[in-house]
Amino acid sequence: MQKGYIMELTTEQQKAKNLILNGTNVFLTGDAGTGKSYILKQVINTLPPDDTVVCAPTGVAAVNIHGITIHRLLELNPDKDIINLHPEHVPNKLEKAKTVIVDEISMCRSDLFIWLSETLKLAEIKFKHPIQLVVVGDFYQLPPVLATPAEKEYFANGKVYAFNTAEWKSWHFQPVVLHQVIRQTNAEFSKALNSIRKGNTKYIHYLNSKSTKNRINNAITLVSTNKEANAINLKKVSSLEGGCKIYNSQISGQINDQDKPTPDKIKLKVGALVVFTANASDNTYSNGTLATVTQLSADYIKVKIENSSEEITVFPFTWTIYDYRLIKEDNQRKLKKIQIGEYQQLPVKLGYAITIHKSQGQTYSAANIAPAGWLPGLLYVALSRVKDIKQLHLLHKIEPNMVNADPTVRNFYQHLEWLSKKNYDNSITMKIPMMLKKEIQEINNLDTAQIRKLQLFIRDLINTN
């Protein structure tokens, strides 16, 4: 899909948009390439900005949606023990927040989600208004990062996922599962990806035999580790003739390392393959576009866009880093998204290789992939980055043991599909006792905010008793 193209919403997508705009707590999910990000952008552009907070678990994901990290929203120090403690502080920025949206929820570790949920509930009590929570993502993709052996042991058996917490259940999310894939137009390839997504080995032969046999020149390579990616990038750029030039970033304000979408130092040579890390305002390039460097200058570079004769000039790009603050305006306290810093750098990085983790959320016209399955979702994320199997080269064959889907996630989605069908179009038939008929009619006359207050009252009543 070209940038700027207005896509007609599918029935599933329209349902998700309507539910969110009507104030419902929604879990929006579906296969890679089904348009989750597209819907999210539409919703964000429609909701009132003065009472909507947009966040994500990682800095790169937050920058992509022009939001902030969950840690920044909660004013959390990264060293804070959120596993054993509970929030006592409620950020003032939540005073006017009526809707909180979390993107890439699959990468939000359960302890961080619990902390977020408990903070939002404290905010509802403190500021005396309900908060709508919308979470977006695909748990079949890469799970939250577990850095140490102790973390891996503690969060074993599905405990790492946000959906496996009591806090998740307390929000009574309306699930919307998107099925129609927009990214891939080949029906057989889409079936194969969905099969891999769910841990089924049925399509391994198809993927091994139908992917292109020869390595694709000037295509990005997806590997498992940073060490592999860095080695490939350095080797490739060092093998080029001619001198190199180093481009340094410029930073102002409050910038954390995780806010940076591209390296502080970029070493380039003429002929180097680069991948863009931003979307140009004039549509000349987009996040994930590959290009070859044709000229190095002090303040800019020139590149030739992949599969095109077009040569464009690329100047440093400025990423705005945001936070939410309460300000006084017209004698009222209002929630405003404000700029807290800027990060300026060429919007590229060496594009010979990238980790599968960093490729999540991106689309490439072609890719060479080193299949791996040591982590659930790793193979699926790698394969689903391209639109066409003919633009996919496997550096070695996919083996059955690489097809790895977490059984906890699989069980969750099986229940979700059942629940989604049960609640389709909200057409649940209930037998209401005659003595409650009048009360039910009165509830139907309540607006969204009043219904949310009633939900909170009933929840607290149940918990008390």
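Biologist: In which helix does F113 lie?

Modeller: F113 lies in helix α5, residues 110-127; helices are DSSP runs of H or I with at least four residues, strands are runs of E with at least two, and both are numbered from the N terminus. This is a predicted model, in which local features need pLDDT of at least 70, side-chain atom pairs count only at pLDDT 80 or more, and totals for chains, interfaces and linings use all residues. Residues are numbered from 1 along each chain as its sequence is written, and side-chain values use heavy atoms, with hydrogens and water left out.

Biologist: Why is F113 called buried?

Modeller: Buried means under 20% relative accessible area, exposed over 50%, and partly exposed in between, with a 1.4 Å probe and protein chains only. F113 has a relative accessible area of 1%, and is therefore buried.

Biologist: Which residues does F113 touch?

Modeller: Contact means heavy atoms within 4.5 Å. Not counting residues up to four places away in sequence, F113 touches several residues, including L133, A162 and W168. F113 and A162 are 49 residues apart in sequence, and their C-alpha atoms are 5.9 Å apart in space.

Biologist: Why is H172 called exposed?

Modeller: The relative accessible area of H172 is 66%, so H172 is exposed. H172 lies in the loop between α7 (166-170) and β6 (174-178), and has a positive phi of about 50° although it is not a glycine.

Biologist: What makes E75 partly exposed?

Modeller: E75 has a relative accessible area of 45%, and is therefore partly exposed. E75 is found in the loop between α4 (70-74) and β4 (99-102).
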